[in-house]
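Hi,

Here is the structure I promised to pass on. Have a look, and then read on for what turned up.

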Amino acid sequence: MKSAMFMKKGLVEVQDVDKPTVKNPDDVVIKVLRACVCGSDLWAYRGLDDKPANSINSGHEAIGIVEEVGADITTVKPGDFVIAPFTHGCGHCPACLAGFDGVCQDHSDNFSNGTQAEYYLTQHAQWSLVKVPGKPEDYSEAMLKSFLTLADVMATGYHAARVADVKPGDTVVVMGDGAVGLSAIIAAKLRGAKRIISTSRHDDRRELAAEFGATDNVAERGDEAVEKILAMTNGGADAVLECVGTAQSTDTAMKVGRPGAIVGRVGLPHDATMDMATPFYRNTAVAGGPASVTTYDKDLLLKAVLDGKINPGKVFTKTFTLDEINDAYQAMADRQVIKSYVKVSD
């Protein structure tokens, strides 16, 4: 089968590799229909993470058709149309029962990779896979795009809003204008936020943020951004959703909430240190981590997409084939697209 492989900084290429097969009783092999590139994939692509050469792609978002199931799998069967979340919660450990399946206590190997391929082996799949009603051909391409966001970015954006306890009437600041940040705007609006401040410096992203529910935008960075947001919000927002993970984004997030605000962090951290004195003296709470994808999809997000209440698939602004995977990465690295959509098969 064809699979994207990470070769070196700035190069991902398609190679022929062995098709995966079921090895464990709770394995499922999925024929991938659509995949994509995540902002977190770009850390290695840009040379900022130390990833071995000629290694499996870090893709972790897919929708597809169940091809083969292990002996313990009873929740899906070959032919089912599924969303494959990037985490593999068990559904019954204390973390999963509390709605934190992104950090399932039963599965230490809880994260996916290798979805930028014709077939993908997902582990611990009894509870984690999310079935979509009907068949892929029942849906438009726009709907398929929205289903694909439920494998990661839409659920991750919702996680930021949930752990920040966004409530009706709140004022919310969203740090980041990538697919997760834009999804967080959708989530904040879904949870009833009255004012949502986006932080984009790019016209296409700012316009989409407004379409998704942002009421204001702050393009400044650093101390200038902090000063402007505090002035706009009369001393700080009720909740701040940090969707980048850089030192500057995190620092700003810690400073733009009102006393007692919660910062929901879902941006993958790339700084080993954090100033904890500033949030201490403002009674700022910090929460977040890997998203509870399966929980949110099953509880509300899949229905919201099916009902047309949300349309997160608009974060995909250019389509590529699997053979064009390096172009898909480069387009995101160059900020030519918000999120690259990869048509693997039909």
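How many disulfides does the count come to? Zero, if a disulfide is taken as a pair of cysteine sulfur atoms within 2.5 Å. Cys-93 is in none, with the nearest cysteine sulfur, that of Cys-96, 3.7 Å away. Cys-104 is in none either: the sulfur of Cys-90 is its nearest, at 3.6 Å.

Before going further, this is a predicted model, so to speak of local features we need pLDDT of at least 70, side-chain atom pairs count only at pLDDT 80 or more, and totals for chains, interfaces and linings use all residues. Residues are numbered from 1 along each chain as its sequence is written, and side-chain values use heavy atoms, with hydrogens and water left out.

Now the strands, which are DSSP runs of E, at least two residues long, numbered from the N terminus. Strand β1 (residues 2-8) has five of its seven residues buried, so the rest of the structure largely encloses it. Strands pair if DSSP finds at least two bridges between them. β1 runs antiparallel to β2 (residues 11-16), with six bridges joining them, and Lys-2 sits opposite Asp-16 of β2. The two strands make a hairpin with two residues between them, and Gly-10 in the turn has a positive phi of about 80°. β1 also pairs with β4 (residues 55-56), antiparallel, over two bridges; there Met-5 has Ile-56 as its bridge partner.

Cheers

Terms used: Buried < 20%, exposed > 50% of the residue type's maximum accessible area, 1.4 Å probe, protein only. Helix = DSSP H or I, 4+ residues; strand = E, 2+ residues; numbered from the N terminus.
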